[in-house]
Structure formats: C-alpha cells, structure tokens
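This briefing is meant to be read beside the sequence and the coordinates, and it moves from model confidence to individual side-chain interactions.

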Amino acid sequence: QVQFVESGGGLVQPGGSTRLSCVASGSVDVIFGMAWYRQAPGKERKLLATINQEHGVAYIPDSVKDRFTISRDDAEHSVTLQMNNVRLEDTAIYYCHAYIRGPDTDGYVWGQGIQVTVSS
C-alpha cells in the first residue's frame, strides 16, 4: 500500500523557517485532496491547510496564511508545507494527509507525523 515518506521539521528558532515534505511511495494513480494537520501538545489534531488538484489551495486559516504555504507536486506525488516566521505556538506534530488511489490503495492515507519544536 501507499505510504508517505516524510522529511523536514526538527528544532527551529522563533522567527525561523522550516519546510515539511511528504512524498507518497508505492504505486499511485491519482492523489485527490491533500492536507496538513497539526497536533499541539495536549491538544487535538486540527486541520491546518488543504490543497486540491484542480483549484489549488482550498483552505488555510488567517492565523497562518501569511506565514505558511501549502503546495503540491503531482508529478512527484508530494505535498509540502513551507513554514516561515515560526512562533512558539507552532510547536506541534505535523501530519500530511491525502486521498490516494492506486492499484493497492483507495482511500485516505496519513503520514506518521513530523515533530516541529520552536524554541530558542
């Protein structure tokens, strides 16, 4: 089955930047909507941003839209979250999510999570 290979994140200083990436591995025919979620310590996982095939970015809240950018590369079967000017409250585990269709997969797939810690 298709899985996501993740990269990026780690320890970032306030005001710094980091780039999160998820690449779908395995046989993929098409990826529909893609998204990033995040789960802050002690809190529920929440939707952060979505992007679809045809119309691009579908959702990103005002709280991050001037700092975060979601993008996708359908040729590479990947989704990226560029995080700029990060704040302490951006500390969280970030999860990529997508609906993927392929020979062995037809449904939602989650990444395992990328830890981002914002600290000086």
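The points below cover confidence, the disulfide, the salt bridges and the surroundings of one arginine.

The structure is a predicted model, and the mean pLDDT of its chain is 95, with 100% of the residues reaching 70 or more. The count of disulfides comes to one, while the count of salt bridges comes to five.

**Confidence along the chain**

- Among the elements of the chain, the lowest mean pLDDT, 82, belongs to strand E6, which covers residues 56-59.
- The highest mean pLDDT among the elements, 98, is that of strand E11, which covers residues 114-118.

**The disulfide**

- Cys 22 and Cys 96 are joined by a disulfide in which the two sulfur atoms lie 2.0 Å apart, and the link is left-handed, with -90° about the S-S bond.
- This pair connects distant parts of the chain, since Cys 22 is in strand E3 (residues 18-25) and Cys 96 is in strand E9 (residues 92-101), 74 residues apart.
- Cys 22 counts as buried because its relative accessibility is 0%, which is under the 20% limit.
- Cys 96 is likewise buried, with a relative accessible area of 0%.

- The side chains of Arg 67 and Asp 90 meet in a salt bridge with an N to O distance of 2.7 Å.
- That pair also links distant parts of the chain, with Arg 67 in the loop between E6 and strand E7 (68-73) and Asp 90 in the loop between strand E8 (78-83) and E9, 23 residues apart.
- Arg 67 counts as buried at 7% relative accessibility, and Asp 90 counts as buried at 0%.

**The surroundings of Arg 38**

- Is Arg 38 buried or exposed? Arg 38 is buried, because its relative accessible area of 18% falls under the 20% limit.
- The side chain of Arg 38 makes a polar contact of 3.0 Å with the side chain of Asp 90, and another polar contact, of 2.9 Å, joins the side chains of Arg 38 and Tyr 94.
- When residues up to four places away in sequence are not counted, the residues that Arg 38 touches include Glu 44, Arg 45, Lys 46, Leu 48, Val 64 and Phe 68.
- Also among the residues touched by Arg 38 are Glu 89, Asp 90, Ala 92, Ile 93 and Tyr 94.

**Other salt bridges**

- Asp 62 forms a salt bridge with Lys 65, in which the closest N and O atoms are 3.2 Å apart.
- Asp 62 counts as exposed because its relative accessibility of 60% is over the 50% limit, whereas Lys 65 is partly exposed, with a relative accessible area of 44%.
- Asp 74 and Arg 72 meet through their side chains in a salt bridge of 2.7 Å, N to O.
- Within that pair, Asp 74 counts as partly exposed at 37% relative accessibility, while Arg 72 counts as buried at 17%.

Terms used:
Residues are numbered from 1 along each chain as its sequence is written. This is a predicted model: local features need pLDDT of at least 70, side-chain atom pairs count only at pLDDT 80 or more; totals for chains, interfaces and linings use all residues. Side-chain values use heavy atoms; hydrogens and water are left out. Buried means under 20% relative accessible area, exposed over 50%, partly exposed in between (1.4 Å probe, protein chains only). A polar contact is a pair of N or O atoms within 3.5 Å; within protein, one must be able to donate a hydrogen and the other to accept it, and residues adjacent in sequence count only if both atoms are side-chain atoms. Contact means heavy atoms within 4.5 Å. A disulfide is a pair of cysteine sulfur atoms within 2.5 Å. Helices (H or I, at least four residues) and strands (E, at least two) are DSSP runs, numbered from the N terminus. pLDDT is the predictor's confidence in each residue, from 0 to 100. A salt bridge is a side-chain nitrogen of Lys or Arg within 4 Å of a carboxyl oxygen of Asp or Glu.
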